[in-house]
Amino acid sequence: MTKQLTRLPACAGALLFLGVSGFSQQLEFQGQLSGWAAASRADSSSFQFGLRYIPTLSLTKLFARSITFDTEISVNTYAAAMGPSIGHLGTSGKFSPYRIWLRFSSPQFEARVGLQKISFGSATLLRPLMWFDGLDPNDPLQLTNGVYGLLLRYTCLNNANVWAWGLYGNDELKGWETTPTQKKIPEYGGRLQLPLFKGEIAFSYHHRRIDPSRSLLPQVAIEPAPVPEDRLAVDGKWDVGAGLWVEGTLARQDFKLFPLKYQKTVNFGLDYTFSVGNGLHILGEHLINQSSANALTGGSSSDFSALSVDYPLGITDRIRGMAFYAWETADWYRFLTWQRVTDRWGFYIIGFWNPESYRIYANQQGKSIFVGRGIEVMLVFNH
């Protein structure tokens, strides 16, 4: 936490710089307060209660020729209690930066530096391109940690766009990673997105060096550090009456001892809204994940399928069911959510029936709130 908080003065200076200018400006303070209670049963009972507050300060300044400077500072602070019974709860808490960034933008170009969210790709539930975020489709608030870096993005008049990024100081696991980035070594990459027929196609690349000694995989931990890693990806999405998309990645880790240097992941997805009542939306995806010694040969693989059924009951109410199936272990993950959302308030009830080991994503550690069978109730206030 100390290392992250030392970066606050830089953005505070940016706020001061923007504040002294004579051009038009807009200063806003917003926040999101959420509280939850959950009870579940797997091998034993578990109860959890929590309270989270994310205050956000943002400043926007408009300059000549449609040029904008803006900045955002927010922190994630929460307290939670969890245990086998109401009388035996252990407590935990956190106070850490959530977003700290400064952005320069024009109608076709933006440059954003700081702690930010970087997310892209065509898939929705099982995302091979979840490289820098940790968005959980079962989280109604869609919270995710950010990454420290510089993002450049240029959009052409035909909606084609080019991204370039450089990251530094992100030495914890992110996205699908099972081995973190080597400390004090930068990462970099880019993305090219092009219109194609009634949709778009994109190509992405990322390079980093990993630290095998901190890997979740014991077979990798014996590798001498650091190990170069290169990722390539292609994704596309089209409207063919139904929505159709594909997303695939190929990663090469230059191991000296571990034979499985390549990780290949591909997702196929389809969604359609049926003219039933207020509109029944159905979305399905299938994910194939494979590790192999060579890029073009087979190897150890696992498959995951996901289905989402979403129906609006009215203007403020919605019900959603989701199911995930792990083919390798024959495990089902099931969720049923009812939500009521207004301008300021959100109320959610989530029922779940899952295995005792919650492993939708490969790098999930610790005990998830969604283990076993149970229910979670969440109340959210936005100001």
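Biologist: In which strand of this predicted model does L151 lie?
Modeller: In this predicted model, the place to look is the stretch of residues 147–155, which forms a strand. L151 belongs to that stretch, and the strand is β6.

Biologist: Is L151 buried or exposed, and what is its relative accessible area?
Modeller: A residue counts as buried when its relative accessible area is under 20%. L151 falls under that cut-off and is therefore buried, with a relative accessible area of 1%.

Biologist: Which residues is L151 in contact with, once its neighbours within four places in sequence are left aside?
Modeller: Contact here means heavy atoms within 4.5 Å. By that criterion L151 is in contact with E110, A111, R112, Q116 and I118, and also with W163, A164 and W165.

Biologist: What separates the C-alpha atoms of L151 and G190?
Modeller: Along the chain, L151 and G190 are 39 residues apart.

Biologist: Which residues of the largest nonpolar core touch the most other members?
Modeller: In soluble globular proteins, nonpolar side chains tend to be buried together. The largest nonpolar core here has 31 residues, and those that touch the most other members are L126, F304, F324, F335 and I360. Among the elements that give two or more residues to this core are β1 (25–41), β13 (280–292) and β18 (373–382). Apart from it lies another core, of 11 residues, among them W131, L151, W163 and L167.

Biologist: Where is Q142, and how exposed is it?
Modeller: Q142 sits in the loop between β5 (109–116) and β6, and it has a positive phi of about 50° although it is not a glycine.

Biologist: Which loop holds N159, and what is its relative accessibility?
Modeller: N159 also has a positive phi, of about 75°, although it is not a glycine. The loop that holds N159 runs between β6 and β7 (161–167). N159 counts as exposed, and its relative accessibility is 58%.

Biologist: Which peptide bond is cis, with omega near -5°?
Modeller: The place to look is the loop between β9 (199–210) and β10 (227–239), where P226 is found. The cis peptide bond is the one from A225 to P226.

Biologist: What is the distance between the C-alpha atoms of R65 and S106?
Modeller: R65 is found in the loop between β2 (45–63) and β3 (67–85), and it is exposed, with a relative accessible area of 79%. R65 and S106 are 41 residues apart along the chain, while their C-alpha atoms are separated by 8.2 Å.

Biologist: How many helices and strands does the protein have, and what is its radius of gyration?
Modeller: The protein has two helices and 18 strands. For 383 residues the globule rule gives 21 Å, and the value for the protein is close to this, so the protein is as compact as a globular protein of that length; its radius of gyration is 22 Å.

Biologist: What percentage of the contacts with a separation of 6 or more joins residues 24 or more positions apart?
Modeller: Buried residues make up 43% of the 383 residues in the protein. Of the contacts with a separation of 6 or more, the share that comes from residues 24 or more positions apart is 55%.

Technical notes. Residues numbered from 1 in each chain as written. Predicted model: local features only at pLDDT ≥ 70, side-chain atom pairs only at ≥ 80, totals over all residues. Heavy atoms only, no water. Helix = DSSP H or I, 4+ residues; strand = E, 2+ residues; numbered from the N terminus. Rg over C-alpha atoms; globule rule 2.2 N^0.38 Å. Buried < 20%, exposed > 50% of the residue type's maximum accessible area, 1.4 Å probe, protein only. Core = buried A, V, L, I, M, F, W, Y, C linked by side-chain atoms within 4.5 Å.
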